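Subject: Structure for your files

Hello,

Here is the structure I said I would pass on. My notes follow below it.

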Amino acid sequence: MKKTLFILLILWSMSGAAQIDRVEPPNWWVGFEDTTLQLLVKGENISIYTPEIEFQGVSLENVHKANSPNYLFLDLKISANAQPGNFAIVFDAKGEKKIKYEYELKARVKPAEEFIGFDSSDVIYLITPDRFANADPKNDVVNGLKESKIDRENDYARHGGDIKGITNHLSYISDMGFTAIWPCPLLTNDMPKTSYHGYAITDLYEIDPRFGTLEDYVELSSKANEKGVKLVMDQVANHCGSEHWWMKDLPFEDWINYQKGFEKGEETVYSNHKRTTNQDIYAAKIDANQMTRGWFVDTMPDLNQDNPFMAKYLIQNSIWWIETAHLSGIRQDTYPYPDKVFMSNWAGAIMKEYPNFSIVGEEWSYNPLLVGYWQDGSNNKDGYDSNLKSTMDFPMQKNMIEALKEEENWNTGLIKIYEGLANDFYYPSPKDIMIFPDNHDMDRVHTQLNEDAVLTKMAMAYLMTLPRIPQVYYGTEILMENTAKPGDHGLIRTDFPGGWQNDPINAFKGEGLNEEQLDMQDNMRTLLQFRKQSKAIHEGKTVHFAPKQGVYVLFRILDEQVVVLILNKNTEPFELDLGKFKEMTLENKELTNIFTGESLVWKDSIKLNKKGAIILTTSK
């Protein structure tokens, strides 16, 4: 009997389905801390209808009409006693046929506390999915989408990489020693061109079919988890793509910023990118307003998070993806650009539901004061609390490049990383900040370091021993570079060799790489696998010594385990006097070089035979 009624309910629902284009979120769950749910209902002239819900534990608290007659926003309350199940939302209007829409409340698969975020024990592998590996050529071109071809010769066209391409190479990622993956956005970007990167989203609830399906994404998360690899989702709260489905019928007059001008066809008002207006106590309102409300480019409309319906939509969207894909973290794009009060509420809502979760926000600033402002617990003068666990260490990335490339002097060279790390006093939690050698928006580190493999190894050794969460861009482990076109995003996001059938080089298998690339890959594997096991790096105390004679030494200590990083810029053999490090109490202790396996006893001095990085450990 129940089965028959359920089938009738489905048929009943389908009879009016053509009149409702979409309901978002497409489903929800019982058992959240926040018992409210707001449904966006889109359908032609849906505002003339009155909705009703009869389901135990679920009540319809409020119905909001929009400026467009084709939207309704329904406020639901889901009690703590509500059970999972399907229920009908009945839309009734005088003289019109009733519309019945079936909605599902699901049971949560695991407790909120088990959504474990990334932390200083992790190393995150950043991937541009279109350029990593193509496992399913059948989805390279999808009929009906605006960009209808792939062209691997064009750096700004689609190349065909997909979700299964990542899934199929999880063993490579795990064997290298990475413990988390961060793919650039995988949601639909139905734009006419150059949307392979994923940041011009046109549907916030749909996996781009050229990358695969929702099932593929959930499978990626599940199989990654089986290998001890966490999944971080790249999200965008600041803007959408200009071909987003709602852009042709905006629900409210203030759904996007500068909407009136957009609707009149006026010139776009761009952001002035003055990110300091978020903190500047002297900032003019006009500057602060244009920073937050201005658009990035014509093809990326700036979302207005001051609109409460937009704000609720974005918060629910993030939670929906966490729960659906069992995420371990979110990387939030362009963090300082949306309304900062909203961003605090957004992060706070997520962390309330998932107390062990992690979120990292992108603040592309070389000023540690600005980076620190966004980290949860910062003692900000304006009282602002971001609720954001992690932000990105652009200042240290810049310091590192300069430190390795510059000649040694009193104010150049290794002193840059020594003084840069000294800024950690300002951060509420330095070990929760994300550090990186490069990313998808800047020159590859090997290019930044003039294609000097020794310097690139030194950079990676330094980053992996810092009290930070390291992120590595795919291909760094094989010295991928973009030197032919510095600053060119298309070339920066080069195809990973071996990701396509018939590639002459297969880096996944180490086939066809030159000696320098193989050496780098082996060096990175050794470094990452060591870091994975090193509690001293994950949780230990940090002590570093002022650089002297082209040598910088940093210690990480936890109980009896000590890890020693030595960065040596001398090209000729150099005798490092160990007397300076007496306070570390390592005299006569045996340490092992993690790269060579050789052991030494810490006595008077260490001979440094060549320029490079050495990592020593007391642990066996």
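At what angle do helix 7 and helix 8 pack, and how far apart are their axes? This is a predicted model, and in it helix 7 (residues 308–325) packs on helix 8 (residues 340–353) at about 35°, with the axes 10 Å apart. The crossing of helix 7 over helix 8 is right-handed. On the helix 7 side, the contact is made by Ala311, Leu314, Ile315, Ser318, Ile319 and Ile322. Helix 8 contributes Phe342, Asn345, Trp346, Ala349, Ile350 and Glu353. Sorted by class, the residues of this contact are 9 nonpolar, 2 polar and 1 charged.

Strand 9 (residues 124–127) and strand 10 (residues 180–183) run parallel and are joined by 4 bridges. One of the residue pairs involved is isoleucine 124 with alanine 180, the latter in strand 10.

Two single residues are also worth a look.

Aspartate 203 belongs to strand 12 (residues 203–207). Its relative accessible area is 9%, which is under the 20% limit, so aspartate 203 counts as buried. Setting aside neighbours within four places in sequence, aspartate 203 touches Arg22, Glu24, Leu187, Thr188, His244 and Trp245. With one of these, arginine 22, there is a polar contact from side chain to side chain at 3.3 Å. A polar atom of the aspartate 203 side chain also lies 2.9 Å from the backbone nitrogen of tyrosine 205. Tryptophan 246 is 43 residues away from aspartate 203 in sequence, yet the C-alpha atoms of the two are 9.0 Å apart.

Lysine 274 sits in the loop between helix 5 (259–264) and helix 6 (285–293). Is lysine 274 buried or partly exposed? With a relative accessible area of 46%, lysine 274 is partly exposed, because the value falls between 20% and 50%. Between the C-alpha atoms of lysine 274 and aspartate 287 the separation is 7.3 Å, and the two residues are 13 apart along the chain.

Regards

Key:
Residues numbered from 1 in each chain as written. Predicted model: local features only at pLDDT ≥ 70, side-chain atom pairs only at ≥ 80, totals over all residues. Heavy atoms only, no water. Axes fitted to C-alpha atoms, helices over the stretch in contact; angles between N-to-C directions. Helix = DSSP H or I, 4+ residues; strand = E, 2+ residues; numbered from the N terminus. Left-handed = near helix turned anticlockwise from the far one by under 90°. Contact = heavy atoms within 4.5 Å. Nonpolar A, V, L, I, M, F, W, Y, C, P; charged D, E, K, R; others polar. Pairing = 2+ DSSP bridges. Buried < 20%, exposed > 50% of the residue type's maximum accessible area, 1.4 Å probe, protein only. Polar contact = N/O pair within 3.5 Å; in protein donor to acceptor, adjacent residues only side chain to side chain.
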